[in-house]
Amino acid sequence: MAFKVGLLGLGTVGTGTAQILLDPAGRHPLLKELEIHRVGVRSPDKPRAVQFPEGVLTADLEAIVSDREIEIVVELIGGLEPARSLILQAIAHGKHVVTANKAVIARHGAEIFTAANEKGVYVMLEASVGGGIPVIQPLKQSLGANRIQSVTGIVNGTTNYILTRMQREGADFGEVLADAQQLGYAEADPTADVDGLDAADKIAILASLAFGGRIDRDRVYAEGIRKVSAADISYAEKLGFTIKLLAIAKRERQNPEHSEDRLQLRVHPTLVPKTHPLASIDGVYNAIFIEGDPIGQVMFYGPGAGAGPTASAVVADLLNVAAVLKTETEPIPHPLIGCSHQHYCSIASMEEVVTRFYVRLLTEDQPGVIGQLGTCFGNHGVSLESVVQTGMRDRLAEIVLVTHDVREGNFNSALADIQTMSAISTIPSLLRVL
Ligand SMILES: NC(=O)C1=CN([C@@H]2O[C@H](COP(=O)(O)OP(=O)(O)OC[C@H]3O[C@@H](n4cnc5c(N)ncnc54)[C@H](OP(=O)(O)O)[C@@H]3O)[C@@H](O)[C@H]2O)C=CC1
Ligand SMILES: N[C@@H](CC=O)C(=O)O
Ligand code: NA
């Protein structure tokens, strides 16, 4: 007996998913038991790369999520609404759900998983983070024996593609973004990619799995790549770093005043030492670097976006659900497949984060400026790792400095004082260093 699947969305990922399901030869045998029953789109008359029998394609998505014959609904339309409502309706009708939609899971995961657990259905989301890279199931299953300390990822293919091309070719930001959209990596509205919001959704999901609690998405700090300049890419290179948009979730060491560990959750462009495994992840590739006890360090690497890779993860989830449907008689959430966290993780403020900083300043070219900078940083407990006057720009001296680890709050106080110094013209760049 085949498991009937309702597909919502036949765009980049939906088309890739349909292509795999319609061509099961040589893949897992269970694939032959998955049948696309109906496909929901916005414009049924649009030309499509895959063809279906008459009546399969429809613009009535509510009819799909309530179709009695459908057991699994695959949500690949993206965005918050109507995706959220359709997922909840599918669950209410007793359907299992597979989704690639990190935005809806990061923001409405609590509501969705509560409904799914009450109804005894699964909501699977492997494609939502790292595209084709298996990382959700490994966090749920293969790494379950570990106490996770940190998850650090390059989880947005579009921005990694843009930064890589800017670095290799000195290419212009806008031109490379247009290519990323053409290639199907960027979201329909690329703001979410470029401003770090997509990566923030993804790290919220990973943190929830890694640290076993719900995450308030609004507490994830997000800073995108719009301000990363060719000058900074070049200086970083000379200092032995590559600039990457990192998404970081880190357990802070237990503070005796707090009963539970707190999490740092942040997304920002970061200078990554070239010796770090994440520094060599280029183009649309993603990687998720996880530190845990007792495993130590492990990195998951692969294509983070695009039709085929993302569909590979969607179909893996479909196989997981089909396997459970074949073997389970009771609708009990499988402890290694379902998600049943109840409490919210405690999240540290950015002021408390301890990190290194890279700063580029334009100053008057006069004696004593570097000394004044050193004194001002020193007054706030900020120790400098390196200070270089790189040359002149617009008749001003350009100074690049890197700090040692410092509490972000202290660094900000030092910077506020520095901005009042008469010799300082502007601070064009301020980036964190891994
Ligand atoms: N693209 C990628 O590389 C990756 C995407 N994802 C996620 O996968 C999901 C799908 O992305 P992607 O395939 O790129 O998106 P696309 O924009 O390519 O496709 C969206 C599909 O959904 C349909 N659709 C959109 N809104 C509605 C609506 N209101 N009613 C009915 N149908 C609708 C569209 O119909 P029509 O065809 O008629 O316009 C289209 O078929 C998103 O959540 C995205 O974040 C995750 C990882 C990678
Ligand atoms: N727009 C996203 C697609 C996958 O989630 C990205 O660029 O990574
Ligand atoms: Na994945």
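This section describes the domain layout, the ligand surroundings and selected residues of a predicted model.

The predicted protein chain has an average pLDDT of 93, and 98% of its residues score at least 70. For the complex, the predictor reports an ipTM of 0.99 together with a pTM of 0.95. Where pLDDT is low, predicted coordinates should not be read in detail.

The protein chain is divided into three parts: domain 1 (3-131 + 308-327), domain 2 (136-303) and domain 3 (353-433). The centres of domain 1 and domain 2, taken over C-alpha atoms, are separated by 26 Å. Contacts between these two domains involve 15 residues of domain 1 and 19 residues of domain 2. On the side of domain 1 that touches domain 2, the most residues come from helix H4 (residues 102-119), which contributes six. By class, the residues on this side of domain 1 comprise seven nonpolar, five polar and three charged.

Ligand 1 is surrounded by 27 residues, of which Gly9, Gly11, Gly78, Ala100 and Ala305 are the closest. Both domain 1 (3-131 + 308-327) and domain 2 (136-303) supply at least three residues each to this shell. Among the contributing elements, helix H1 (residues 12-21) gives the most to the shell around ligand 1, namely three residues. The composition of the ligand 1 shell is 12 nonpolar, 12 polar and three charged residues.

The shell around ligand 2 consists of Gly131, Asn156, Gly157, Thr158, Tyr185, Ala186, Glu187, Asp193, Asp198, Gly304 and Ala305. Sorted by class, these residues around ligand 2 are three nonpolar, five polar and three charged.

Glu187 is placed in the loop between helix H7 (173-182) and helix H8 (191-194). Because 19 C-beta neighbours lie inside 10 Å of Glu187, this residue counts as partly exposed; the threshold for a buried residue is 20 or more. When residues up to four places away in sequence are not counted, Glu187 touches Ala192, Asp193 and Asp198.

Lys202 lies in helix H9 (residues 197-211). Lys202 is classed as buried because 27 other C-beta atoms are within 10 Å. Its contacts, not counting residues up to four places away in sequence, are Lys102, Val129, Val155 and Ala247.

In a further part of the chain, Leu401 is located in strand E16 (residues 396-403). With 20 C-beta neighbours inside 10 Å, Leu401 counts as buried, since the criterion for this class is 20 or more. Leu401 is in contact with Val359, Leu384, Ser386 and Val387, again not counting residues up to four places away in sequence. The C-alpha atoms of Leu401 and Glu169 are 25 Å apart in space, and these two residues are 232 residues apart in sequence.

Technical notes: Residues are numbered from 1 along each chain as its sequence is written. Chains are lettered from A and ligands numbered from 1 in the order in which they are written. This is a predicted model: local features need pLDDT of at least 70, side-chain atom pairs count only at pLDDT 80 or more; totals for chains, interfaces and linings use all residues. A residue is near a molecule or strand if its C-beta atom, placed from the backbone, lies within 6 Å of it. Ala, Val, Leu, Ile, Met, Phe, Trp, Tyr, Cys and Pro count as nonpolar, Asp, Glu, Lys and Arg as charged, and the others, Gly among them, as polar. Helices (H or I, at least four residues) and strands (E, at least two) are DSSP runs, numbered from the N terminus. Domain bounds come from an automatic or database domain assignment. A residue is buried if 20 or more other C-beta atoms lie within 10 Å of its own, exposed if 12 or fewer, and partly exposed in between; C-beta atoms are placed from the backbone. Two residues are in contact if their C-beta atoms, placed from the backbone, lie within 7 Å. pLDDT is the predictor's confidence in each residue, from 0 to 100.
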